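Student: Could we go through the charged pairs in this protein together, with the reason behind each label?

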Amino acid sequence: MKKAISILLALCMVLSLCSFALADEGKTVGIAMPTKSLERWNRDGEYLQKQFEEAGYEAKLVYSDNDIEQQNNDIANLIADGVDLLIISAIDGESLTQTLADAKDAGIPVIAYDRLIMNTDAISYYVSFDNYTVGVLQGQFVIDTLGLDLEDTSTTYNIEFTAGDPADNNAGFFFGGAMDTLKPYIDAGILNVPSGKTEFEQVATPAWSTDTALENMQNTLASYYSDGTVLDVALCSNDSTALGVAQAIGSDYAGDNQPLVTGQDGDIANLQNIVDGKQTMTVYKNVSDEAGATLALGKAILAGETPAEDLLDSLGAEASYDTESYDNGTGIIPSYLLVPYVITADNLQMLVDTGLYQWDADNHYLESTAETT
Ligand code: GAL
C-alpha cells in the first residue's frame, strides 16, 4: 500500500513538473512599442522580440508611429490574436483604458514597459528605470561640473530647461528629479533662468520632438540671449530634445562659450555630439537589460506565478522592487526599476563594454551593434 502511495506521489510530481515545463510551449507575447522615430524604441523592440523568441515564445512586435489611435488598434489586434501576455510602452499613458479593459476581460496580463500606463486596473507590473533618478543625475551633473556650492553665492550661472512629452508619464519624473536637485541653487540665486521658464508645462516638448526642441530653444535664445547674455547650461530631459537644443545653440547662440548640455538614452547622434563637445553628458539606460528583466517577469507570469521581490535575483541586472511609488490612478503598480548611469566623453568605453555599441573604424565615434539602428 505504502509503495503504491509513493509511486502515486512521484507520478503527481512528474506530471506537475511536466505541466510547468510545457506551460510556456506555444505561448505568445504581444509587444507594443510607441514609434520607430525615436531611436531607443527600435532597440527595445529588437531586444524584446529577440529575447522572448530565444526563450521559446512567439513574439508579435508592433510600432504605432506615435499615433494614439493606431496604438489602441494595434493592441486590440494583439488581444484579438489571443496573445498570452501584453508588453506595452504607451504613447499616451492616459489613452489605453478601454482597450486594456478588453485585455483584462480576455484574461491577458499586461506589463507596462518603461512608461507607466494610467487609469486602468489591467496592469500587472511596471518595468522601467528609476526615472526620477535620471533627472537627479542630470541635475547633480550640473552641480558637480560647475562646482556649485550653496554657501558661495558670488557667481551666477544661467540655465534653461527642456522637458519631455506631457503625454509620457516618465517626463514628469525626469523633470522633477532635475528641478528638485537644482531648485535650491535657483532659490539661492546661484542658478538663474533668464526665460523664467521653470514649470514643466512651460518647457515640455510634445512627442519628444527634436524639431520642436530646436524651435523652442531658438525662440528662447532670440528672446533672452540676443543681448549677449551668457547661456551656461541647457538641461534637456533626453537625447532627442538635446539634439534640437544643441543644433539651436550651434546656429543661434552668439556666446563664445559651449553651454553644458544634458541628455538621456545614449542615442548615436548624441554620442557623436558628446565626442565633438556639443553635448556634455547623457544618462544611459541599458534597454537590453530592461528587455531581459521583462523576459524574466513575463516567464514568471506565464508560468502562473506572482513574482515580487524574489524575482530580483533573476533579472540579470541591478534593480529595485518598488511597491510604493507608482500609483497609476487605480492603485499601486508593483514595479521593477533598473539603474541608470552617467556617460560623458571620458567613459564612452562603458557603452562598448555592454556589447551594444562599438567604435567606428577610426576609433572616434560610437556605432550601435543593434541590427535596427
Ligand atoms: C521616455 C523614455 C526615455 C526618452 C523618451 C523618448 O519615456 O523613458 O528614454 O527617450 O521616452 O523616447
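**Salt bridges and their surroundings**

Tutor: A search of the whole structure finds nine salt bridges. Keep in mind that this is a predicted model, in which local features need pLDDT of at least 70 and side-chain atom pairs count only at pLDDT 80 or more, while totals for chains, interfaces and linings use all residues. Residues are numbered from 1 along each chain as its sequence is written, and side-chain values use heavy atoms, with hydrogens and water left out.

Student: Why is the pair of Arg-40 and Asp-114 called a salt bridge?

Tutor: The term requires a side-chain nitrogen of Lys or Arg within 4 Å of a carboxyl oxygen of Asp or Glu. The closest N and O atoms of Arg-40 and Asp-114 are 3.1 Å apart, so the pair meets that definition. Arg-40 lies in helix H2 and Asp-114 in the loop between strand S4 and strand S5, 74 residues apart.

Student: What makes Glu-290 buried or exposed?

Tutor: Buried means under 20% relative accessible area, exposed over 50%, and partly exposed in between (1.4 Å probe, protein chains only). Glu-290 has a relative accessible area of 0%, and therefore counts as buried. Glu-290 also forms a salt bridge with Arg-40, with 3.0 Å between the closest N and O atoms.

Methods
Helix = DSSP H or I, 4+ residues; strand = E, 2+ residues; numbered from the N terminus.
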